[in-house]
Structure formats: structure tokens, C-alpha cells
Amino acid sequence: MDLIKSIAVAASGLRSQSGRMRVIAENIANADSGPERAGADPYRRKVPTFQRHFDRELDAQLVALGKVQRDQSAFKVKHEPGNPAADANGNVQMPNVNSLVEMVDMREAQRSYEANLNLISSTRRMIQRTIDILRA
């Protein structure tokens with residue numbers, strides 16, 4: 001039963017990291033998108049959170065993607081007097097997304113995803129070897 005529990009815990013990690021990667025990809029896709037009109041806010045970076053919950057059936061702690069929050073840090077300001085979204089001083093607010101930070105977060109999420117996937121693969125191999133031993 002512990003092998004099944006480890007697969008369930010790793011699978012919850014896979015789902016969580018997959019959701020995290022989707023949020024990060026959205027941030028990267030909108031990193032350079034300005035506001036549609038003057039006075040409008042640009043895209044605001046999203047920050048994924050995680051929550052844990054106890055699965056009574058498995059008797060294990062699982063992880064899930066929690067609420068996706070908005071990063072409240074200041075927007076970047078770019079001087080573009082010809083931009084239709086520029087204010088009276090010619091400044092345009094740009095998203096508060098740092099592509100370098102997003103790429104580091106994406107790489108971390110990818111590594112966590114791979115670690116959970118490796119755990120599932122190893123557990124499946126152990127189960128298969130156990131079955132093979134019992135058959136012999």
C-alpha cells in the first residue's frame with residue numbers, strides 16, 4: 001500500500017507543477033503586452049500558490065495548486081510618447097513581469113515535475129519486479 005501512496009503523492013505534485021508551469025507561461029506570454037488604452041492597467045503578473053490537504057483514504061498529505069494571486073509590485077514604466085496608451089508625460093505602464101525570474105521559476109517547476117515523474121517510474125518498476133518475483 002505504501003507504493004500506491006507514493007504514486008498518489010507524486011501524481012499530486014505532477015498536477016501542481018503542471019498548473020504552476022501554465023501560470024508561468026501566461027506571465028511570459030504577456031511580459032511585453034502594454035495596456036489597451038491610456039489610463040488602463042497592463043497585465044499584472046500572476047503568482048501560483050500551493051496548498052496541502054490530507055487524503056483520508058490514502059492516509060497521506062497531498063499538494064494542490066492553490067489560488068493564483070496577483071503580484072502587487074509596481075508596474076514598469078517605459079517612455080513612449082507615440083504610444084496610444086501613453087500618459088501626458090509620454091510614459092506607458094508595462095507589465096510587472098521579469099522574464100528572467102519567470103524562466104528561473106519555469107526551470108524550477110520543470111525540475112520538480114521531472115522528480116515526481118521519476119518517482120512514479122521507479123515505483124512502477126518496483127511493483128513490476130515484486131510481481132515478477134511472486135510469479136517465479
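I take two strands as paired if DSSP finds at least two bridges between them. The model I examined is predicted.

**Entry: strands.** I looked up strand β5 (residues 76-79) and found it joined to β6 by 4 bridges, the two running antiparallel. V77 has Q93 of β6 as its bridge partner. I then noted the two faces of β6 (residues 91-94): V92 and M94 are on the covered face, N91 and Q93 on the uncovered one.

**Entry: annotated span.** The UniProt record, an unreviewed entry, places "domain: Flagellar basal-body/hook protein C-terminal" at residues 89-132. I find this span to be 77% helix and 9% strand, with its end C-alpha atoms 74 Å apart.

**Entry: S16.** I located S16 in helix α1 (residues 2-29). S16 counts as buried because its relative accessibility is 2%, the cut-off being under 20%. A polar atom of the S16 side chain lies 3.3 Å from the backbone oxygen of V63. Beyond residues up to four places away in sequence, S16 touches F50, V63, A64 and L65.

**Entry: salt bridges.** I recorded 6 salt bridges in the structure. One of them joins D71 and R45 at 3.3 Å, N to O. D71 lies in the loop between β4 and β5 and R45 in the loop between α1 and β1, so this pair ties together parts 26 residues apart in sequence. R45 also forms a salt bridge with E102, the closest N and O atoms being 2.4 Å apart.

Technical notes: Residues numbered from 1 in each chain as written. Predicted model: local features only at pLDDT ≥ 70, side-chain atom pairs only at ≥ 80, totals over all residues. Heavy atoms only, no water. UniProt positions renumbered as here; feature names shortened; annotations may be inferred. Buried < 20%, exposed > 50% of the residue type's maximum accessible area, 1.4 Å probe, protein only. Polar contact = N/O pair within 3.5 Å; in protein donor to acceptor, adjacent residues only side chain to side chain. Contact = heavy atoms within 4.5 Å. Salt bridge = Lys/Arg side-chain N within 4 Å of Asp/Glu carboxyl O.
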